[in-house]
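Student: I have a model open and would like to go through it. Can you take me around the fold and the packing?

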Amino acid sequence: PVPSGVEGEIVIGGDGVAFGYRGQKALTEQRFLADPFHDGARLYRTGDLGRWLPNGRLEHLGRLDTQLKIRGYRIEAGDVEYNLAISPEVSEVAVSKRAGPQGDERLVAFVVPEQGRELDPMSLRRHMRERVPGYMIPQHFVALVRLPLTPNLKVDDPRRPGVERLDRRGAQAVPTPTESALRGAG
């Protein structure tokens, strides 16, 4: 248990929880736990992150792993990133889920092109079509100068203001007035 407002893994229990996966002992041990509050009962680790809100509602914050759910498909971001990264056009890549204009979910690839190369979304789509099912091909490709990192050296949100993007010619894009103001350069 965690206090209200603190992020944690969503774990469920009760009469509807199974006792494990049939024939998969290792996975059962990983996902199903003894319920410390009820003798003989089990808890299921969902792999989802959440937190309790002050109004008593549970807010879903995403997944612990890199699994994304888009249009009913479960996609491992690492699989998409790996298949993009083996393209000779790509130096670095990060994939995430973003909301489209109508609130629909889309797979977006943030790509640092190989030095001297220009990002060609059509070429990357052809490359991906040879390797993964259609639902794993990003709908959008965004060219970046470099992937932004957190102080812990994990990939930060590539859409935040101040992230250096490349324009269609591969040159560094001019920052927007808002980005310049946030950087203190405007």
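Predicted model: local features only at pLDDT ≥ 70, side-chain atom pairs only at ≥ 80, totals over all residues.

Student: How many helices and strands does the protein chain have?
Tutor: The protein chain has four helices and nine strands. Starting at the N terminus, the order is β-α-β-β-β-β-β-α-β-β-α-β-α.

Student: And what share of the 186 residues is buried?
Tutor: Buried residues come to 31% of the 186. The protein chain exposes about 12,300 Å², with 51% of that area supplied by carbon and sulfur atoms.

Student: What about contacts between residues 24 or more positions apart?
Tutor: Taking contacts with a separation of 6 or more, residues 24 or more positions apart account for 45% of them.

Student: On to α2. Which of its residues are buried?
Tutor: In α2 (77-85), the buried residues are A77, V80, N83 and L84. They sit on the same side of α2, because they cover an arc of only 135 degrees around the axis.

Student: What covers them?
Tutor: The cover over the buried residues of α2 includes strands β5 (67-70), β6 (73-76), β7, β8 (105-113) and β9, along with helix α3.

Student: Then α3 next. Which residues are buried there?
Tutor: Helix α3 spans residues 121-129, and its buried residues are S123, L124, R125, H127 and M128. These pack against α2, β7 (90-99) and β9 (140-143).

Student: Back to the core. Which residues touch the most other members of the largest nonpolar core?
Tutor: V80 and L84 do, in a core of 20 residues. At least two residues of this core come from each of β5, α2, β7, β8, α3 and β9.

Student: What does V80 touch?
Tutor: Leaving out residues up to four places away in sequence, V80 touches I75, V95, L107, M128, M136 and P138.

Student: Which residues are in the second, separate core?
Tutor: That core has six residues, among them A94, V108, F110 and L147.

Student: Changing topic: where is R98?
Tutor: R98 lies in strand β7.

Student: Buried or exposed?
Tutor: R98 has a relative accessible area of 18%. The cut-off for buried is under 20%, so R98 counts as buried.

Student: What does its side chain make a polar contact with?
Tutor: The R98 side chain makes a polar contact with the side chain of S96, at 3.4 Å.

Definitions and conventions:
Residues numbered from 1 in each chain as written. Heavy atoms only, no water. Buried < 20%, exposed > 50% of the residue type's maximum accessible area, 1.4 Å probe, protein only. Contact = heavy atoms within 4.5 Å. Areas by Shrake-Rupley, 256 points an atom, 1.4 Å probe, with all protein chains shown as cover. Arc of directions from axis to C-beta. Core = buried A, V, L, I, M, F, W, Y, C linked by side-chain atoms within 4.5 Å. Polar contact = N/O pair within 3.5 Å; in protein donor to acceptor, adjacent residues only side chain to side chain.
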